[in-house]
Amino acid sequence: MSNRNKNGMGTMYRRQDGRYEFRLPYINEKGERKRKSFYGETEDECFNQADDFISVQNMLNEGIDCTVTIPDLLKRKYKDDFEMNFVSEAGYDRNLATLKRIEDSAIGSMPIIIITEMQLEAFMKSMTRYSNSVISKTHQQLKLAFDL
């Protein structure tokens, strides 16, 4: 057994089929107390699944949407900036046009929380055919999305 099995931190069972089951209590985004089971060949496999689940639950509890993409975040930000007169209509349109490059790429449809550093590097390497100005604007947009 692991030292993670402290009071209220879940229970590990060895099932009749030889696999492990880890039952974990948690509070969902609505404040309801729930339980979830994780199954695996080893205890560590169960714990890793539980850790991933808890990370997502924590984000949901903090109001972070785990399915939001970079274009989703930036479109919302640009729309808010335009509606509050922080940018002109031309600036708003320019921001959306620059965002189109990200939107049409592989990382444009992925939830932002699962994008890895390697995927970002591959995307930026694919931008080398564009001018330094376009690359810089795209980099600024990626930085803004991750800051948000």
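**Exercise 1. Locate Asn85 and decide whether this residue is buried or exposed.**

Solution. Start with the position: Asn85 sits in the loop between α2 and α3. The model is predicted. Next, take the backbone. Phi of Asn85 is near 65 degrees, which is a positive value in a residue other than glycine. Now the accessibility. The relative accessible area of Asn85 is 68%. Exposed requires over 50%. Asn85 is therefore exposed.

**Exercise 2. Find which residues form a nonpolar surface patch with Ile114, and classify the accessibility of Ile114.**

Solution. Then list the patch. Val56, Ile113 and Ile114 make it up, and together they have about 220 Å² of accessible area. Finally, classify. Ile114 has 48% relative accessibility, so it counts as partly exposed.

**Exercise 3. Describe the largest nonpolar core: its central members and the elements behind it.**

Solution. Count the members: this core has 17 residues. Pick those that touch the most other members: Ile70, Leu74, Ile102, Ile107, Ile112, Phe123 and Leu142. Assign elements. Two or more residues come from each of α2 (70-83), α3 (89-103) and α5 (132-147). The most come from α2, which gives four.

Technical notes:
Residues are numbered from 1 along each chain as its sequence is written. This is a predicted model: local features need pLDDT of at least 70, side-chain atom pairs count only at pLDDT 80 or more; totals for chains, interfaces and linings use all residues. Side-chain values use heavy atoms; hydrogens and water are left out. A nonpolar core is a set of buried Ala, Val, Leu, Ile, Met, Phe, Trp, Tyr and Cys residues joined through side-chain atoms within 4.5 Å. Buried means under 20% relative accessible area, exposed over 50%, partly exposed in between (1.4 Å probe, protein chains only). Patches are made of residues with over 30% relative accessible area and no salt bridge: like charges are joined within 9 Å, nonpolar side chains (Val, Leu, Ile, Met, Phe, Trp, Tyr) within 5 Å. Accessible areas come from the Shrake-Rupley method with a 1.4 Å probe; for residues, only the protein chains shown count as cover. A salt bridge is a side-chain nitrogen of Lys or Arg within 4 Å of a carboxyl oxygen of Asp or Glu.
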